[in-house]
Amino acid sequence: MRLALALSIAALLAVFLLYTSIAGGGTPSLRPSQLLANGHDGNRVTLSGKVVGHPTGNPGEGGLHFRMRDVNGTATVAVVYRGTVPDMFRTGRDISVDGRLRNGVFVGVKNTLVTKCPSKYSPKKSTS
Amino acid sequence: MAELGRAALVICLGLSVYAAAAGAYAAYRGRRRLSLSARNALIASFVAAVVAVLVLVAAFLRNDFGFTYVAEHSSRRLPALYTFSALWGGQEGSLLFWLLILTGFAAAAVLLNRRSAPDLVAWVVPVLGGVAIFFSFMLVAVSSPFDTQPAPVDGAGLNPSLQNLHMLIHPVLLYLGYVGLTIPFAFGMGSLLAKRGDERWIVATRRWTLAAWGFLGIGQLIGAHWAYVEVGWGGYYAWDPVENAAFMPWLVSTAFLHSVMVQEKKGMLRIWNMLLVAGGFVLALFGTFLTRSGILSSIHSFTESPLGGWFLGFIAIVIAFSLALIFLRLPLLRTKTKLDSLASREASFLYNNLLLVAFSLTILWGVLYPILSEAVTGQRNHVSGPYYNFFLHVFGLPLLLLMGIGPLLAWRKTSLRTLARTWAWPAAVSLVVGAILLALGAGSSIPGLIAYTFSAFVIVSIVVEFVRGTRARKAVAGESWPTAFSSLVARNRRRYGGYVIHAAIVLLAIGIAGSSAYDTTREAKLRPGQSMEIRGYTLTYRRLVQRESENAREVRALVDVRRGTSSEGTLSAGKNNYPVERQVSNEVAIRSNLVTGEDVYLIAQQVETDGTVFFKAEVLPLVNLIWLAGFIFIGGTLIALWPDARESRRLADRYGYAAARA
């Protein structure tokens, strides 16, 4: 038993160290306000927020243009995105997308846009 | 009507409290009659839960929008079949569903074991009662499905992506799996409370664990298939937190299913098994919590959600209770048996356990990473696909190989000689397969090549096992080949059912390796008449078709598929526009080749008004093996689950009760 525990802990640690040394520590998750404030210029981050305004353009060619706002806030940032657009995407939905801030515009990485499922993540009930 | 539902839940809560309190007191003091009454209370709590569910079902069928829950999850246009999806589609309904399955399983488990293990059941009742208290309390006080309101004209409707057969079955199977893990947990803890250090609890719950594990596995596979055909991005698993939430308890119970065999055979790993059974249950609770609390989509909704805190509190109580109990009973659980050899069946189970547990811990780490990193550095970071895939390779590939090696090793120890003899065939075949695949260009993905080679090893070792067993049986009993084969399986259902499940996992591995490591993706903007090439296929876009259906405007691009000179039919990929729900859904087109298992997967990403379409096409080799694996998985699980009169007699002798009653 002790051997088993020691072995498992050792194996775990070894792999963790291996991984963190190879890949670094994950991608930062930011809200639009944080993105604008911290100036993560050029670094890949995941931006989470609400889609506002009317999405224009074309995700296949020139890119889909829209703005994202803090889920609970007012700061917004312009986003341009190319690639697959999930079914649930539309104005008012909470989404997250990977990308980099370039001259004040958040340029999405291809095929990283995901929507939060509204049925699963139902927000606080106003009735109760 | 809502009052009836509320009353049923209050009664359910009262009965659970009685089952827990009176049951614990009676078991502690050895009061037989009080113990029986606590057991009956637990069974009655199931009846109360059934009443509550029926009230809600009736409200859905009557379109009673005076029920807030019904108004929020249904509408007059919703087909009756999908009212069941709506029943467990929301938070309150899913909690009620949990309670229903929990009390139903609890009643069945204590009734089935009442004669064969009365002292154990006396302590199992209060544990199950305790879990039922939590869920019925949540439903009574925190998140009631029976809140009422002035009825609106129509309900808000159900999310279109939940209106399909997949989403009718998938949540049910997952819940059966999650809740099913409560039973082995309760028997494990009951065994400790009853001061029994033996294997009785494992024997009593083996089938419960297996069934729960099977439900969880199939539930996830159906979820993956749903993602593949409905969500439409060309994949089936994305390491989403909610997907991981079901995967972790499945991994831990896989470890548990293997390690209990070591305890049954050798009396070893008693503490470890208790830790695993508690871990599996905690992860099942954590899974429900993740799915329902929304902590991971946004950490700020966590503080707002009334459910999160309660769930975390209950999880903390379960962890503290289990650890304290295991610690108190350590002297009972210590074993004198030592591992004889590192090359033995029990050692291979140990390696499998370490890999499975390490894998689920790394997934847990990944799931919690955003929360942990924000707590430590103030910067919320998260990990994604590459992190999980890395660990899938590091832990999954050795596990795959072990699946072939383990069954070839003998209990206690294996000599080099037998090792060489039993390994000769699998090793030779897998090396040849590996070499051929390398020559065919499979070296483009090293993990894929390793997965294929290991899979060949496992498949051959399974075949060798079946042949060896059948041959021995034929020699001993003088039966014909088919008779010998079927009686071999019938007499060792658990073992050969297990091999069938192994074969299913291998198919799964091959399908995953093929479709993720050797897939091809092409994108193209086509006008009618233009073509694109992908991996030997020619896709020719013919024309656009539009039609109005009952609740959607459907646009389809018709695309001819040719391979070389032979036509492979027409694909129609497009979009549905739901004006009422203000939603657009991608309707992908899939062309499956059932001989090679390869899929051509076509998405019409963007449809322009002039008829131009942006297509994304994928060719996914062997992906259909994943779904085939599901059927074999069910078959293997059923073989292993099937009642076995011989086994019951053996157990009855061992634990000294009358088999006829068991």
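Predicted model: local features only at pLDDT ≥ 70, side-chain atom pairs only at ≥ 80, totals over all residues.
**Confidence**

The model as a whole comes with an ipTM of 0.75 and a pTM of 0.91. For chain B, the pLDDT averages 89, and 97% of the residues get to 70 or more.

**Chain A**

Chain A has 128 residues, and 30% of them are buried. Going along the sequence, the order is α-β-α-β-β-β-β-β-β. As for how the chain folds back on itself, take the contacts with a separation of 6 or more: 46% of them join residues 24 or more positions apart.

A pair of packed helices is described by the angle between the axes and the distance between them. Here are the two pairs side by side.

| Helix pair | Residues | Axis angle | Axis distance |
|---|---|---|---|
| H8(B) and H13(B) | 182-193 and 306-328 | roughly 40° | within 10 Å |
| H2(B) and H5(B) | 32-61 and 91-112 | about 145° | 8 Å |

Take H8(B) and H13(B) to begin with. Their axes cross at roughly 40°, so the two helices count as oblique to each other. The crossing of H8(B) and H13(B) is left-handed. On the H8(B) side, B:Met189, B:Leu192 and B:Leu193 do the touching, and they meet B:Ser322, B:Leu325 and B:Ile326 of H13(B). By class, that contact has 5 nonpolar residues, 1 polar and no charged.

Now for H2(B) and H5(B), which pack at about 145° with their axes 8 Å apart. H2(B) also passes H5(B) in a left-handed crossing. H2(B) brings a run of residues to this contact, including B:Arg39, B:Leu42, B:Ile43, B:Phe46, B:Ala49, B:Val53 and B:Leu56, while those from H5(B) include B:Gly93, B:Leu96, B:Leu100, B:Thr103, B:Gly104, B:Ala107 and B:Val110. What classes of residue make up the contact of H2(B) with H5(B)? It has 14 nonpolar, 4 polar and 1 charged residues.

Note on methods: Residues numbered from 1 in each chain as written. Chains lettered and ligands numbered in written order. Helix = DSSP H or I, 4+ residues; strand = E, 2+ residues; numbered from the N terminus. Buried ≥ 20, exposed ≤ 12 C-beta atoms within 10 Å, placed from the backbone. Contact = placed C-beta atoms within 7 Å. pLDDT = per-residue confidence, 0-100. Axes fitted to C-alpha atoms, helices over the stretch in contact; angles between N-to-C directions. Parallel < 35°, antiparallel > 145°, perpendicular 65-115°, else oblique. Left-handed = near helix turned anticlockwise from the far one by under 90°. Nonpolar A, V, L, I, M, F, W, Y, C, P; charged D, E, K, R; others polar.
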